[in-house]
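Please read them alongside the sequence and the coordinates.

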Amino acid sequence: MLLANYLRQCGVDLDLQSVILRIAQGSVELCSRVDNNAAVTVGEENLSGDEQIKLDVLADAIFTGVLQGEKVVYALVSEEKDDQELVNEEGRFTVAFDPLDGSSLVAANFSVGSIFAIYEAKGAIGVTGADLAAGIYCLYGPKTMLVFAIGDKIASFTMHKGEYYLEKNDLRIADTTKYFAPGNLKAVNYNLNYGKLVDYWISHDYKLRYSGGMVPDIHHMLYKGDGVFAYPGMTDQPNGKLRLLYECIPMAKIVEAAGGFSTDGEQSILTKKVESLHQRTTFCVGSKAEVDRYIELQV
Ligand code: AHM
Ligand code: MG
């Protein structure tokens, strides 16, 4: 079943349907425009100090372009831009996005993704996961996929000839797992409790599944049915690396809709208030028992 038909069949709010279809359209365009120069650096850094590659710039331009054309959008926030951009004063939604997550992996042709958070809010400051109308990611791997969570509904779609078709709507994450994805692994040298957690995973025969891209790493847990992904902080980077507004909240929403859990070490990522557009947060997400272990060990 086509994405548009599925959204209609589920009775998704019409305005929200339009935004999701715009995002789908943007991802189709992005895939059609990837070329040999995708990983060439453009000599600029974004606000977070990451070096931009051509594909970052292209992805940002494409998604900004498709979403600017949508009158129900109030504002856009992109990882690649310092400020929020007003689209329509009358719009209902603020769409925050990471146009290309994992861009340092492009040169190696690893899987990467795009992440979107559609908030029912005029502006991003002060929102929490409770304001999220939908969390979405696109995954560019052997297959191009789109996964969304709306309320407690989660569904995945595969792109074929420029259209997304329903693949699964029964994705679940079990409470226990034997897979681990330890982001920021060097932090074990500074954050000793993270070292204890990683030691636990290794000494209990957990299997490593870590690509360096949060979208494929979290997709792995959705498709295997369990797993844990962590990206903690350390002394000179207490809030880790990942951004709350457009990386952690939408990915936590998707995982929680599948029955998993999320935390920053103290509270669910979905209850944490956004205080600045590019705010970073520590993050652990996945099977309940492992998220609990992360909290208990005070990573
Ligand atoms: P990006 O938005 O600059 O691409 O960074 C996000 C990515 C995540 O996908 C991944 O989990 C993390 O950075 C890996 O970070 P590191 O390179 O520090 O291990
Ligand atoms: Mg990112």
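1. The space that ligand 1 takes up is the largest pocket, and it should be kept in mind throughout that this is a predicted model.

2. Both domains take part in the site, since the shell around ligand 1 draws at least three residues from domain 1 (3–168) and at least three from domain 2 (179–296). Among the secondary-structure elements, strand E5 (93–101) and strand E13 (228–231) each contribute at least two residues to that shell.

3. Around ligand 1 there are 16 residues, of which Asp 101, Gly 102, Met 214, Tyr 231 and Lys 241 come nearest.

4. Several polar contacts involve oxygen atoms of the ligand: a polar side-chain atom of Tyr 231 lies 2.6 Å from an oxygen atom of ligand 1, while a polar backbone atom of Met 214 is 2.7 Å from an oxygen atom of ligand 1. For Ser 103, a backbone N or O atom lies 3.5 Å from an oxygen atom of ligand 1.

Conventions. Residues are numbered from 1 along each chain as its sequence is written. Chains are lettered from A and ligands numbered from 1 in the order in which they are written. This is a predicted model: local features need pLDDT of at least 70, side-chain atom pairs count only at pLDDT 80 or more; totals for chains, interfaces and linings use all residues. Side-chain values use heavy atoms; hydrogens and water are left out. A residue is near a molecule or strand if one of its heavy atoms lies within 4 Å of it. A polar contact is a pair of N or O atoms within 3.5 Å; within protein, one must be able to donate a hydrogen and the other to accept it, and residues adjacent in sequence count only if both atoms are side-chain atoms. On a 1 Å grid over the protein atoms alone, a cavity is a set of points where a 1.4 Å probe fits but cannot get out, and a pocket is an open set with protein on both sides within 12 Å along at least five of seven lines; lining residues have an atom within 4 Å of a point. A molecule sits in a cavity or pocket if more than half of its atoms lie within 2 Å of its grid points. Helices (H or I, at least four residues) and strands (E, at least two) are DSSP runs, numbered from the N terminus. Domain bounds come from an automatic or database domain assignment.
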